[in-house]
Amino acid sequence: MTHDLSAVCRADVDNMKVIKMVMALPHLPAQRGPPHSDRVPPFSIVDGLNAIIDYINEGEMDARLQNLTAYVRRFWVGVIGVESLSTFGCARRTNNDLESFHAKLLCAFGVNLDIWSFIRRLQLIERTSYDNLIRVHREIAVNRPKKDKVTRDVKKAICRLINGEITIIHFLSAVAHGADNIINRPLPQNEWFLLDIAGEEEVM
């Protein structure tokens, strides 16, 4: 059985909100923090997923959202594992740097280069990358630090969650805007948005 998430998103704005909350689950830790911790919230990714399922049930929302949460529980939690899924406490949560490097390679090489020009440009890129690596080891900034509003907002929401100022659903709603740039794109029809929901493995 497959379901097209683009159709689910188009059906109701509340469906899109739930999907974005699901995409925000990696902001939670893989395991609950110890009692009275001021650094790790007492909620895990599985707790967040269970809260979303309760939210869907209590609101009597689109049944296709249950297929989505079943898929996340079975594959991402049960197969991939919460340790791999969680980005909690990670300085870098995306592959933007890698994409930037690929763009630089494409710009530098272009097309139809002769072999000597290719080698010269490759040597220049290798030298630049090596110099940047040395700067990193010496704890010298490679690039100008960028203002990261998403990271700032996530940290603020984590603090509020730890202090009991907000519920886990409020937390996921607050940080879900970080998925806007993904959700608002035209959703492809042949990738993960077509979910294979063959069955659900119980994950405690």
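D47 lies in helix α3 (helices are DSSP runs of H or I, at least four residues, numbered from the N terminus). The model is predicted; local features need pLDDT of at least 70, side-chain atom pairs count only at pLDDT 80 or more, and totals for chains, interfaces and linings use all residues. Residues are numbered from 1 along each chain as its sequence is written, and side-chain values use heavy atoms, with hydrogens and water left out.

D47 is buried, at a relative accessible area of 14% (buried means under 20%, exposed over 50%, partly exposed in between; 1.4 Å probe, protein chains only). Leaving aside residues up to four places away in sequence, D47 touches R32, P42 and I168 (contact means heavy atoms within 4.5 Å).

Helix α3 spans residues 45-58, and helix α9 spans residues 168-175. Their axes come within 9 Å and cross at roughly 95° (axes are lines fitted to C-alpha atoms, for helices over the stretch in contact; angles run from 0 to 180 degrees between N-to-C directions). The two helices, α3 and α9, are therefore roughly perpendicular (65 to 115 degrees). On the α3 side, D47, G48, A51, I52 and Y55 meet I168, I169 and L172 of α9.

The loop between α2 and α3 holds D38. D38 is exposed, with a relative accessible area of 65%. D38 and I162 are 124 residues apart in sequence, yet 6.5 Å apart in space, C-alpha to C-alpha.

Helix α2 covers residues 13-23; its buried residues are N15, V18, I19, K20, M21 and V22. D12 caps the N-terminal end of α2, with a side-chain oxygen 2.8 Å from the backbone nitrogen of D14.

Key
Parallel < 35°, antiparallel > 145°, perpendicular 65-115°, else oblique. Polar contact = N/O pair within 3.5 Å; in protein donor to acceptor, adjacent residues only side chain to side chain.
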